[in-house]
Amino acid sequence: MRDTLLIALIALVGAGGAGLLGAVALRLLRSRSLTASLTVVAAVAVTAMLAGTLAVAWAMFLSPHDLSVVTTVVAMAAVVSLATALLLGRWVVGSSRALQLAARSFGDGGSFDAPAGPATAELASLSAELAATSAKLTESRQRERALESSRRELVAWISHDLRTPLAGLRAMAEALEDGVAADPARYLTQIRTEVERLNGMVGDLFELSRIHAGALALTPSRVSVYDLVGDALAGVSPLAHEHGVRLVGDRVEPLPVEVDGREMSRVLGNLLVNAIRRTPADGTVMVAAERSPEGVLLSVSDGCGGIPEEDLPRVFDTGWRGTHARTPPAGAGLGLAIVRGIVEAHQGRTTVRNIPGGCRFEVVLPAAAS
């Protein structure tokens, strides 16, 4: 037992010296290639074994022949180990460089394509993470481009919609100032109408800016959708009468929801006004509220004739307007964007789909707790 402990101690001293030298070498080479580090690790393993073996051999006073045999065996093991470490290091470094080039492509605005061929589990995991990140970046770029396009369209349309009434207001003001207005009372009525329209556009812009800035402060309370729909229908009845449109709200269930009553009234008002203006005279706008698996479903159906399928995904975008809605009093294309912003602030969602003769806007809100 004592001899065994002595041999173990001698081997530990010899191998420890090799391990210490290897640790120093790894520290010096820590910023170099992985191949160098793997070679050092293999060399340390073989050198530690050789040093321990030789120390024990010398302590045991082996014959020169036996010592030569042991040294040769360990040397051959060292050659094989170092060659294996070099091959492994070159393969790992090659895979890392391929992954680096693929990562650089999506960093420059492209998409990530995982390198072909086998890789280590760690590199495969990293490749999968980079692929997921690339997909998210691509989606983010597309969303940013769509948002930028919406901003440009909004600025162009707002500029047009502001310029037209301002030019009219200026002309009417000059006519009144010069005393050449044939009917001053009519001019004043028209001026007030245009000012109210401009005021509505400014209010929509302010509301939309609050939504985009995340500054929309909600004060939710428990209300019935029956009351919300009833108030909204009462508010748009004069407009519906003016356009010759029938309002139908006989499929409204008295379901409770936790919402900000003022903001949700604006949602329903925007949807109803939009539906009334797009529905021809003698048409019908229907409002319904019913329970759904996701909560409470509010819907507004109109008789606009439908929306082109390619335009359906853009209906709720800021500043978007259909080709038939580019003239007053259509507004600046903010109403539906405000609808989506308010509904999403209530943890709900908005959708639109075509139905026979028109389209149907749907708002899904979480049901109130019992």
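Q: Is the crossing of H5 and H8 left-handed or right-handed?
A: The crossing is left-handed. Keep in mind that this is a predicted model.

Q: At roughly what angle do the axes of H5 and H8 cross?
A: Roughly 35°. The axes of H5 (residues 184–212) and H8 (residues 335–345) come within 10 Å.

Q: Which residues meet there?
A: From H5, Asp204, Glu207, Leu208 and Ile211. From H8, they meet Ala337, Ile338, Gly341 and Ile342. The contact of H5 with H8 divides into five nonpolar residues, one polar and two charged.

Q: New topic. How many salt bridges does the structure hold?
A: Eight. One of them joins the side chains of Arg262 and Glu263, at 3.2 Å from N to O.

Q: Arg262 and Glu263: buried or exposed?
A: Arg262 counts as exposed, because its relative accessibility is 61%. Glu263 counts as buried, at 3%.

Q: What about Glu362, which side chains does it meet in salt bridges?
A: Arg353 meets Glu362 at 3.2 Å, N to O. Arg360 also meets Glu362, at 2.6 Å, N to O.

Q: And how accessible are Arg353, Arg360 and Glu362?
A: Arg353 is partly exposed, with 41% relative accessibility. Glu362 is at 13%, so it counts as buried. Arg360 is buried too, with a relative accessible area of 11%.

Q: Which residues are in that network?
A: Arg251, Glu290, Arg353, Arg360 and Glu362. They are joined by salt bridges that share partners.

Technical notes. Residues are numbered from 1 along each chain as its sequence is written. This is a predicted model: local features need pLDDT of at least 70, side-chain atom pairs count only at pLDDT 80 or more; totals for chains, interfaces and linings use all residues. Side-chain values use heavy atoms; hydrogens and water are left out. Axes are lines fitted to C-alpha atoms, for helices over the stretch in contact, and angles run from 0 to 180 degrees between N-to-C directions. Helices (H or I, at least four residues) and strands (E, at least two) are DSSP runs, numbered from the N terminus. A crossing is left-handed if the near helix is turned anticlockwise from the far one by less than a right angle, and right-handed if clockwise. Contact means heavy atoms within 4.5 Å. Ala, Val, Leu, Ile, Met, Phe, Trp, Tyr, Cys and Pro count as nonpolar, Asp, Glu, Lys and Arg as charged, and the others, Gly among them, as polar. A salt bridge is a side-chain nitrogen of Lys or Arg within 4 Å of a carboxyl oxygen of Asp or Glu. Buried means under 20% relative accessible area, exposed over 50%, partly exposed in between (1.4 Å probe, protein chains only).
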